[in-house]
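User: I have a structure open and want to go through some local details. Can you take my questions in turn?

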Amino acid sequence: MASESRHISVWIDRHAADVYEYASNPANLPQWAPGLGSSVENVEGRWYVETPSGRVGLAFAERNDYGVLDHDVTLPSGEVVYNPMRVIPDGDVCEVVFTLRRLPGVSDEDFARDAGLVQADLTRLKAVMARPMR
């Protein structure tokens, strides 16, 4: 049986390449996605994020020219959650789309809460990208 998905997006007034470059660097996650975790660490080429439920692994798709930011999150239990994400160009601006999938046993309320957290993270990404980059 297919799981339920919700596509959550934000338009950003920056070139897709700029947004992709910033968002694809896990070291930048605490600035725009604190919903995922508070700190990020690279240990021997693998990324880890400190979350309220413990340390989780994070692995982005290989760098690519298509704006694919899909990533796997490995929970403390060992379960791997796949998260589709794209930066889609549209001239001088872009749309960032995150596909939230409902995991088995997640209530309507928790799914709605998770969608709100993802929307807040994408809104923060938009705000960060509105600032001049160094």
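This is a predicted model: local features need pLDDT of at least 70, side-chain atom pairs count only at pLDDT 80 or more; totals for chains, interfaces and linings use all residues.

User: At roughly what angle do the axes of helix H1 and helix H3 cross?

Analyst: Helix H1 covers residues 16-23, and helix H3 covers residues 108-130. Their axes come within 11 Å. The crossing angle is roughly 115°.

User: Are H1 and H3 roughly parallel or roughly perpendicular to each other?

Analyst: The axes cross at roughly 115°. Angles of 65 to 115 degrees count as roughly perpendicular. H1 and H3 are therefore roughly perpendicular.

User: Is the crossing of H1 and H3 left-handed or right-handed, and which residues make the contact?

Analyst: The crossing is right-handed. From H3, the contact uses Leu 125, Val 128 and Met 129. From H1, the residues are Asp 18, Val 19, Tyr 22 and Ala 23.

User: Is Val 10 buried or exposed?

Analyst: Val 10 is in strand E1, residues 5-12. Its relative accessibility is 8%. Buried means under 20%, so Val 10 counts as buried.

User: How far apart in space are Val 10 and Asp 121, C-alpha to C-alpha?

Analyst: In sequence, Val 10 and Asp 121 are 111 residues apart. In space, the C-alpha to C-alpha distance is 9.9 Å.

User: Is Asp 70 buried or exposed?

Analyst: Asp 70 sits in the loop between strand E4 (54-60) and strand E5 (71-74). Leaving aside neighbours within four places in sequence, its contacts include Phe 60, Tyr 82 and Arg 86. Relative accessibility is 9%, so Asp 70 counts as buried.

User: Is Glu 44 buried or exposed?

Analyst: Glu 44 is also a loop residue, between strand E2 (39-43) and strand E3 (46-51). Its relative accessibility is 80%. The cut-off for exposed is over 50%, so Glu 44 counts as exposed.

User: What is phi of Glu 44 near?

Analyst: The value is positive, in a residue other than glycine. Phi of Glu 44 is near 50°.

User: Which residue lies over the face of Tyr 48?

Analyst: The distance from the ring centre is 4.0 Å. A charge over a ring must be within 6 Å of that centre. The residue over the face of Tyr 48 is Arg 55.

User: How many aromatic pairs does a search of the whole structure find?

Analyst: Aromatic rings pair if their centres lie within 6.5 Å. The number of pairs found in the whole structure is zero.

How values were computed
Residues are numbered from 1 along each chain as its sequence is written. Side-chain values use heavy atoms; hydrogens and water are left out. Rings of Phe, Tyr and Trp (its six-membered ring) pair if their centres lie within 6.5 Å; planes under 30 degrees apart count as stacked, over 60 as edge-to-face and the rest as tilted. A charge sits over a ring if NZ of Lys or CZ of Arg is within 6 Å of the ring centre and within 35 degrees of the ring normal. Helices (H or I, at least four residues) and strands (E, at least two) are DSSP runs, numbered from the N terminus. Buried means under 20% relative accessible area, exposed over 50%, partly exposed in between (1.4 Å probe, protein chains only). Contact means heavy atoms within 4.5 Å. Axes are lines fitted to C-alpha atoms, for helices over the stretch in contact, and angles run from 0 to 180 degrees between N-to-C directions. Angles under 35 degrees count as roughly parallel, over 145 as roughly antiparallel, 65 to 115 as roughly perpendicular and the rest as oblique. A crossing is left-handed if the near helix is turned anticlockwise from the far one by less than a right angle, and right-handed if clockwise.
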